[in-house]
Structures are given as C-alpha cells and as structure tokens.
Amino acid sequence: MEQKWWHDAVVYQIYPRSFLDSDNDGIGDLNGIISKLDYLKNLGINVLWLSPVYQSPMDDNGYDISDYQAIAKEFGSMEDMQRLLDEANKRDIKIVMDLVVNHTSDEHTWFEQSRSSRDNPYRDYYIWRDAKPDGSAPDDQESIFGGSAWHWDEHTQQYFFHLFSKRQPDLNWENTKVQDEVHAMMNWWIDLGIGGFRLDVIDLIGKEIDKGITGNGPRLHKLLQEMNQKTFGDKDLLTVGETWGATPEIAKLYSAQDRNELSMVFQFEHITLTWENGDKWNPIPLDLKEFKQVLTKWQVELADGGWNSLFWNNHDLPRLVSKYGNDKEYRVESAKMLATCLHFLKGTPYIFQGEEIGMTNVAFENLEQYKDIETQNFYKVRTEAGVTHEHMMDAIHENSRDNARTPMHWDNSENAGFSKGTPWIELNPNFPEINVEEALANPNSIYYHYQDLIKLRKAHPAIVHGSFTPVFEDHDKVFAYVRELNEEKLFVICNFSDEALTLDVPTEYQKQDLTCLINNYQAVTAISETLNLKPYESFAVKL
Ligand code: NOJ
C-alpha cells in the first residue's frame, strides 16, 4: 500500500454553527474558527473537516445548499473562507469541505428552474414522477427524516423525490449534466486550495428509484471512479465518504487504492448496535462483546486493501462519554479510556468538537428547546403513531443530534464564551465545570490526554500501520488488543465498565519493566499474572 499523508493524520470536525461566534449574532462563524486555529494546532490535529458553510436556507443547518460557491452570510464571506485556508495553511492544517451532492436545497437555482415547468432544461436535474392514478405518491419509500420521500408539486403536477427533508430534493445522478456540474464545482474548490472532501451520504447517489434501491445502487462505484478521475484523482487530497450501508467488503470497494475512488469511509456498524433494529428512537444498551466483535472485524478485514476512519461521535450522534462512558462520576476517566481505545486502532481518527474536553449530552426538558429538523419530525411522526411523549423524550435525550450541536464551551463566562448574543440553541448547563479554559489549566485534563494520543500516533508507526490482534476476546467488560509492527509491540487495555475488575493474564503479556505510553490512573510498569483494573481504567504499554 502506498503511504499517504492522511494515513497518520488526525482530523478534527467543526460544526461551524456551534463552534465560536465572532460577530455576536448567536451563530458560530468562519472568523470564530480562524481565531481558534492555534488552539487546534496545539491539540495536534492537522486536518479540519468543516460541516457545510455554503449558502443555505438552513432547513437542515447547511446540509441543504442553495449555492455551492458562496458562503452563508451567517458564517461569513468567501474572503473569510480564503483567509481561513491561508491561516490554516500557515499552521500546516488542511481544510476538508463537506460535499453534499445527493441533494440540494429547494432554493438552489437548479431546483427553482426544475420546478418551474416540465420542459425546463433543468427538469431532469432532479427526480420527478407522476402520481399514481388515485393521486397518491409513486411508491411508499420513506424519507430518512420521517414521512414519505415524495412531495407533490402543485405547479407542475408531479411528485419530486427527497430522501431527507422536503426542502432537500435529491439530485438525479443519472443525468450526466448533474455529474458535470458537480465535478466543475469540486474543481473550483480544489483550485482554492482545500485539503479534501467529506462526501455526505455518498452511498445514495447510485440509487435506482424505480427499483426501490437507494443505498449502494448499481452505478455507485462507477460514479465515484468518474468523480475521482475528473476531480481529485491526481491531487493529494483526503476524501472520506459517509457510507451508512458499508460492510468491510463494500468499504474496500470504496477505499482500496487501486480502485481510484476514495481515501476512506465512515462506516456505522458499531454505532447502530445501540439502535433496536436500526431505529435510533428505540435505543438499547451497549453489548460490549458485540461492539468488540464489530470493531475487531473492521480492523482485521481492512488490514490491507482499504482504510478505516475511526470515530465515536460526530454532529449527528450523541456525545461519546454519555453514550459509551459515564458522564457523571467517571466522566474524565471514561472519556480518556474511550479516547485511548480509539486512537490506538488502525485508521484515521476523527475528533468531534468538544470531545477533547469531554462535553456531554444535554437533556432539554421541552421539545421546543430542540432545533434539529430530524428530532422535530420524528417526534411528530412517532407520537402521531401512538408512541408516548415520555418514550420520545427519553429517546431524544439519548440520541438527538442536538446533543452534539449545543455550543462549544470555551470558558465559564456568559454563554461559555461562545457568543455575546443569544445562541441559536441553548447551552449545556454544565459549561461552568466543563470548558476549554479549565481544560488548558489542568495538566490532567482530557484535552492533554488527546494531545498525548496524537503525539503517540506520530511517534509510533505500529499505531498507524501495525497488525491488530484482540486479547481477552470473550470478556464482556474489557476491550484489549495488541498492535505490532517490526520490533514494536503495543498492548492496549480498556475497562468499559464502572466496576473494578481482576483479570488472569496470559503468560505472554506478563512483563516487568514496561514502558507505559499512556494511562488514565497511575502509569503501569509491570503486568503480573493478575491484573487489577479500576473503573474505566485504560493504558497502553510497550511490551
Ligand atoms: C448526513 C449529514 O451528516 C446529516 O447531518 C445530514 O442531515 C444528512 N446527511 C443530509 O445531508
């Protein structure tokens, strides 16, 4: 496998709306990001993925784009964007843009043209179908945000297709003009000097609507190979696809180098384990053994001929310490344990803003405090179908995307230093205890743990390229593994429970005079036949 710069990169994801507001309109912006580049550099990351900052009516907070070559006014201007690229470049930080091309906003000129008449040249940029004879939708496909995926257009008397909100019509990727327009737009961004693309729900663009196929459609990989060839293929960029339906086999199709598609994918198999039958509004407890099996499978199967990305959370998911750790008594210990567990795996790690200080889920009391369109839609759909308010509020507390979207905590001043205006969404009330200022002042903070993990990744090729072997495979509370490359052998152990545990250690792992690379209680310098682990204890040692 040819070595690439993004193999040992660490990416930080910014949700710009909630990061830092420099002009006090209550919404984070590009100048806010620029002012924190030194903070991010100090953390050690070398890539920033920005959730969408393009012009948008913000029906889905920017994942509904009305102009791909303009910046939303609440985020700043194209000059600010150029300055962000320049300032990031000075610090050797690359900027990865969010490429949302499964759909546009209904305010994009393509859609405005498309819906203006049936014979408009842009009509086929989107997916239009006749009603059934009884006037109902062409079929019963559902939107990922709840309800039918078809919306009736009174003016032209046809339905258009939208897998997300009705204000996010799906582009028709069978139309080569759509492909050409998207490629040209991508090249325009590449020429501006960006470091890559995160491709939003890219597994949906090969869809075959009339056969009811949406994810992993038959034309998907051909479309990606063409995109690669016409845009980033001969540039040294990081490209990561959001691919909910990927299995390891499919992930290799996307990311094997000789296939010329993408650098890597985000797969979600470990995430959906706590969703009953894939339904996030019916959360179930984590089964650690299953979780380990899934993560192990991905480590082993993508060892060659593909590349993993590593993440516990993002702007669509709950906060990791609330989901997989203990956000109360053991918040710091469990946040460090989860970080160690992820950052010693093979793949490119992603840190979501606030993760590095152990931000937690929020539990707003009232539905109105939630701003996310998905949360609002599903509350309505499910309660209308008979689910109780209590059930939905519990599920929202657990899995609403707004858990990740409450403003970043910079300090303990008003609005956590996020904005002097009224924030677009309320803050998590725990910001006086959990904030960047506190983290930077405390040498034992989660922040410095992340900083250490990033340094270790740069210093130990075994973390980036080594083999992966699970240890204590049948244990239901401990995730442990070995990473090995040439002479180097690293042993990582993580207690995922709030119990103290005693383990019988196989002889091969019993060693004296160990070098401890990282720990969240005391450093471990010897392992004998029994190993005592404190709640959420984790460490990595060189065997
Ligand atoms: C996935 C994005 O991560 C999510 O935030 C968005 O709502 C959908 N794609 C639609 O673009």
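**Exercise 1.** Which helix gives the most to the lining of the largest cavity, and with how many residues?

*Solution.* A word on the model before we start. It is predicted, so local features need pLDDT of at least 70 and side-chain atom pairs count only at pLDDT 80 or more, while totals for chains, interfaces and linings use all residues. Residues are numbered from 1 along each chain as its sequence is written, and side-chain values use heavy atoms, with hydrogens and water left out.

Step 1: a cavity is a set of points, on a 1 Å grid over the protein atoms alone, where a 1.4 Å probe fits but cannot get out; lining residues have an atom within 4 Å of a point. The largest cavity has a volume of about 90 Å³, a volume being the space filled by probe spheres set on the points, which are joined across faces, edges and corners.

Step 2: helix H8 (288-301) and strand E14 (309-310) each supply at least two lining residues. Helices (H or I, at least four residues) and strands (E, at least two) are DSSP runs, numbered from the N terminus.

Step 3: H8 gives the most, with three residues.

**Exercise 2.** What is the volume of the largest pocket, and which residues are closest to its centre?

*Solution.* Step 1: a pocket is an open set of grid points with protein on both sides within 12 Å along at least five of seven lines. The largest pocket has a volume of about 680 Å³.

Step 1: of its 30 lining residues, Ile144, Phe164, Trp244, Trp275 and Glu374 are the closest to the centre.

Step 2: by class, the lining holds twelve nonpolar, eight polar and ten charged residues.

**Exercise 3.** Why is helix H10 described as largely enclosed by the rest of the structure?

*Solution.* Step 1: buried means under 20% relative accessible area, exposed over 50%, partly exposed in between (1.4 Å probe, protein chains only).

Step 1: the buried residues of H10 include Arg331, Met337 and His343.

Step 2: eleven of the 13 residues of H10 are buried, so this helix is largely enclosed.

Conventions: Nonpolar A, V, L, I, M, F, W, Y, C, P; charged D, E, K, R; others polar.
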